[in-house]
Amino acid sequence: MLVFGAMLLSGAGMWHSQNGVQLAWGANFGPATQDGQWWRLGSAMFLHFGLLHLALNMWALWDGGQWVERMYGHFRFAVIYFVAGLAGNLLSLVIHQGHAVSGGASGAIFGLYGALLSYLWLERSRIQRGEFRWLFWAAIGFSVASIVFGLMVPGIDNAAHIGGLTGGLLMGVLIKPDAGVVVMPQWTKITAGLVFIAFVGVMVANIPQQAYRWSDEKQVQREIGEFLQEDAAISRAWESIMRQGQRKGASFEELADVIESVVVDRYEHSFEELSALPRDANLPSALAAERVTRYAEQRRDASRAMVEGLRAKDRVQIQKALEQARQSRMDK
């Protein structure tokens, strides 16, 4: 709730937040998570895509969490919550092949329901039969209905739900509850531990190949944004130089010197910076980077031709350079 409030204050939507906002706050996304930002598997548990998403998770957390916390105690409750949430987000990364931007506490909450089911089953001999049936089948009904609902409605991360539920079921066996009295056979815990290790191992072994490096994409986006601002400033300066030169009657040589330092050199620097960007066709901004780089080259060449025309006092070349500059802006 604190994170959701902070996101609202920083510009996120009340009912829906764009993927860009979620990514900035730590959503789980293959290219970013696999680019050394594995902490996103944990941070994604605290993000929600809108008030309804948050409210549904809070209701489910209150409904099942109060039982699990009483059964396992505060600390073990937190361990189950975080382990299940991490397992759910890892399975989400694997199942969606890193293409989905995901977040939410539902994987961790499903883990609590998994631990609740484990506790009820293991302690069934000492729980009043009617109470057992009500709690056990209500937890199963909620889990199954939620997963079926997730299959029917686009945008729901069922992989995180299933991963969290599986993690919670196993953790419920591995962790001794505060409220439990039934002595569990050692082989049961060993089996649960081996299954949990195998579950995590299979997920790790099937982590998809990284589609592209998120740091490269951010670098490309940042460089494009900086160039667009620089281009606007250079264009204004170029137009101002031409107007002032005409009013003040500056010589061709003087205009050439000013344009070379204020326009040509800056476009040359921008072109070099853009040309040095990572060249990965899988980057979402790859096409935009290519177009912007080509545009910077055209503007550099047009301004160079302008300088050469001014120094040669060649009005035809000057006019062609102006037309080349105008055409490059239209193509942009």
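Where does lysine 313 lie? I located lysine 313 in the loop between helix 13 and helix 14 (315-331). I worked throughout on a predicted model, in which local features need pLDDT of at least 70, side-chain atom pairs count only at pLDDT 80 or more, and totals for chains, interfaces and linings use all residues. I numbered residues from 1 along each chain as its sequence is written, and side-chain values use heavy atoms, with hydrogens and water left out. I took helices (H or I, at least four residues) and strands (E, at least two) as DSSP runs, numbered from the N terminus.

**Entry 1**

Lysine 313 is exposed because its relative accessible area is 56%. For these classes I used under 20% relative accessible area for buried, over 50% for exposed and the range in between for partly exposed (1.4 Å probe, protein chains only).

I then looked up glutamine 97, which is found in the loop between helix 6 and helix 7. Glutamine 97 also is not a glycine and has a positive phi of about 55 degrees. Its relative accessibility is 41%, so glutamine 97 counts as partly exposed. As background, I recorded that most residues other than glycine have a negative phi.

**Entry 2. Helix 6 and helix 7**

I found that the axes of helix 6 (residues 74-95) and helix 7 (residues 106-122) come within 7 Å and cross at roughly 125 degrees. Helix 6 is therefore oblique to helix 7. The axes are lines fitted to C-alpha atoms, for helices over the stretch in contact, and angles run from 0 to 180 degrees between N-to-C directions. Angles under 35 degrees count as roughly parallel, over 145 as roughly antiparallel, 65 to 115 as roughly perpendicular, and the rest as oblique.

I listed the contact (heavy atoms within 4.5 Å). Phe77, Ile80, Tyr81, Ala84 and Gly85 of helix 6 meet Gly107, Ala108, Ile109, Gly111, Leu112 and Ala115 of helix 7. By class, this contact of helix 6 with helix 7 has eight nonpolar, three polar and no charged residues. Ala, Val, Leu, Ile, Met, Phe, Trp, Tyr, Cys and Pro count as nonpolar, Asp, Glu, Lys and Arg as charged, and the others, Gly among them, as polar.

I followed alanine 108, which is in helix 7. Alanine 108 counts as buried because its relative accessibility is 1%. Leaving aside neighbours within four places in sequence, I found alanine 108 in contact with Met45, Tyr81, Ala84 and Gly85.

**Entry 3. Helix 12 and helix 13**

I found that the axes of helix 12 and helix 13 (residues 286-312) come within 8 Å and cross at roughly 160 degrees. Helix 12 is therefore roughly antiparallel to helix 13. Their contact has 15 nonpolar, three polar and nine charged residues by class.

Which residues of helix 12 are buried? I listed Leu255, Ala256, Ile259, Val263, Val264, Tyr267, Glu268, Ser270, Phe271 and Leu274.

Arginine 300 counts as buried because its relative accessibility is 10%. Not counting residues up to four places away in sequence, arginine 300 touches Val264, Tyr267, Glu268 and Phe271.
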